[in-house]
Amino acid sequence: MLLLVAALTGCGAGGRPAPDPPDVVRFASYDFPENQILVEVYAEAARRRGLPVSVQHGIGTREVVSPALQQGVVDVVIDYLGTALAFARPGFPRPPTEPERMHAVLTRTMGGRGVAVLAAAAAEDQNGFAVTREFAEAHGVTRLSELTPLAGELAFGGPPECPDRPFCLLGLEQRYGLRFGAVTSMPSRAATLEALLSGQIQVGMLETTDARLAVAPVVLLADDRGLQPRENVIPMVRAEVLDRWAEPLRSALEDTSARLTTADLVELNRAVELDGRTPAEAARAWWDRQ
């Protein structure tokens, strides 16, 4: 892990962060489109406060991005409450379920690592598990638990890290007893949807805010055993950077969180996924409407 983070400090190509002048606030995104959109939304708020900003997209998964934030390779990451807490405290014996308590535990944990956790947005996006409408009707399934007797004959598709994630395939096995006959690694959510519609897979992981859910013949199965935690959007900032830029940076990020709703997140995803805008274009248009 240390070698990975060290490598990031010397690379500017392929989405990896290159060194910036010390007077730039470095925003970084995970390797999926919605997070890139969110980073642009928060970065645009900082720009509109007159702060110098750089954005590095698609750096990688949490195994890469979280150490990069803690070690000062990047300065600002936009995360999701429940997943961020589970990653930061994987052995927490009885993790809280209320957003306020989750936020408090995450704040204490990351504070000890030199990272400030700012106010959460109302906007929320959870892992969702989809089947085609045809499959749901043919098998009479509307809930995840109803897949249990079928799973051995089904193929599942999700991101490469899904098998090891407590709220993805690992959680489906532990909470629901779902052990699929085949598991396929998908390079993107768009590829997951295409695989569902073509019959390559029968169950796929899609975010609950994916704009394609409104136009594609697929349905999200109800998480009837409560696997998914609350996943409010949260900015996480290196404490040193927050101290340096003080109120302008804090107010830019927290004002964004105060405005951002789940409906906004769906519309931002729609602008990129269906309307063809770049994340930066969608972010600017969103701010222009505020």
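Mentor: Strand 5 and strand 8 (residues 203-207) run antiparallel and are joined by 4 bridges. Strands here are DSSP E runs of at least two residues, helices are H or I runs of at least four, and both are numbered from the N terminus. Two strands pair if DSSP finds at least two bridges between them. One caveat: this is a predicted model, where local features need pLDDT of at least 70 and side-chain atom pairs count only at pLDDT 80 or more, while totals for chains, interfaces and linings use all residues. Residues are numbered from 1 along each chain as its sequence is written, and side-chain values use heavy atoms, with hydrogens and water left out.

Trainee: Which residue stands opposite Gly128 in strand 8?

Mentor: Leu206.

Trainee: And what about strand 5 and strand 9, in which sense do they pair?

Mentor: Antiparallel, over 3 bridges, with strand 9 covering residues 218-220. There, Ala130 stands opposite Leu220.

Trainee: Is strand 5 largely enclosed or open, and why?

Mentor: Largely enclosed by the rest of the structure, because 5 of its 6 residues (127-132) are buried. Buried means under 20% relative accessible area, exposed over 50%, and partly exposed in between, with a 1.4 Å probe and protein chains only.

Trainee: Switching topic. How do strand 1 and strand 2 pair?

Mentor: In the parallel sense, over 5 bridges; strand 1 is residues 25-30 and strand 2 is residues 53-60. Tyr30 has Gly60 in strand 2 as its bridge partner.

Trainee: What do strand 1, helix 2 and strand 2 make?

Mentor: A right-handed β-α-β unit. Right-handed means that, with the strands pointing away from the viewer, the path from the first strand over the helix to the second runs clockwise.

Trainee: How many residues of helix 2 are buried?

Mentor: 13 of 16, so the helix is mostly covered. Its length agrees with expectation too: at 1.5 Å a residue, residues 33-48 should span 22 Å, and the end C-alpha atoms are 23 Å apart. The expected span is 1.5 Å times one less than the number of residues.

Trainee: What follows helix 2?

Mentor: Gly50, with a positive phi near 85°.

Trainee: Which residue other than glycine has a positive phi?

Mentor: Ala246 is one, with phi near 55°. Ala246 sits in helix 9 (residues 239-259). Ala246 is partly exposed, at 37% relative accessible area.

Trainee: Now cavities. How many of 30 Å³ or more?

Mentor: The structure holds 2. On a 1 Å grid over the protein atoms alone, a cavity is a set of points where a 1.4 Å probe fits but cannot get out, and lining residues have an atom within 4 Å of a point. Points are joined across faces, edges and corners, and a volume is the space filled by probe spheres set on them.

Trainee: What volume does the largest cavity have, and which residues are closest to its centre?

Mentor: About 80 Å³. Of its 13 lining residues, Ser66, Asp79, Phe87, Met110 and Met236 are the closest to the centre. Helix 3 gives the most to the lining, with 4 residues.

Trainee: How do the lining residues divide by class?

Mentor: 10 nonpolar, 1 polar and 2 charged. Ala, Val, Leu, Ile, Met, Phe, Trp, Tyr, Cys and Pro count as nonpolar, Asp, Glu, Lys and Arg as charged, and the others, Gly among them, as polar.

Trainee: And the second largest cavity, what classes line it?

Mentor: 2 nonpolar, 2 polar and 6 charged residues. Its volume is about 60 Å³. The lining includes Arg189, Glu207 and Arg212. Helix 2 and helix 10 (262-273) each supply at least two of the lining residues.

Conventions. 1 Å grid on protein atoms, 1.4 Å probe; cavity = no way out; pocket = protein on both sides within 12 Å on 5 of 7 lines; lining within 4 Å.
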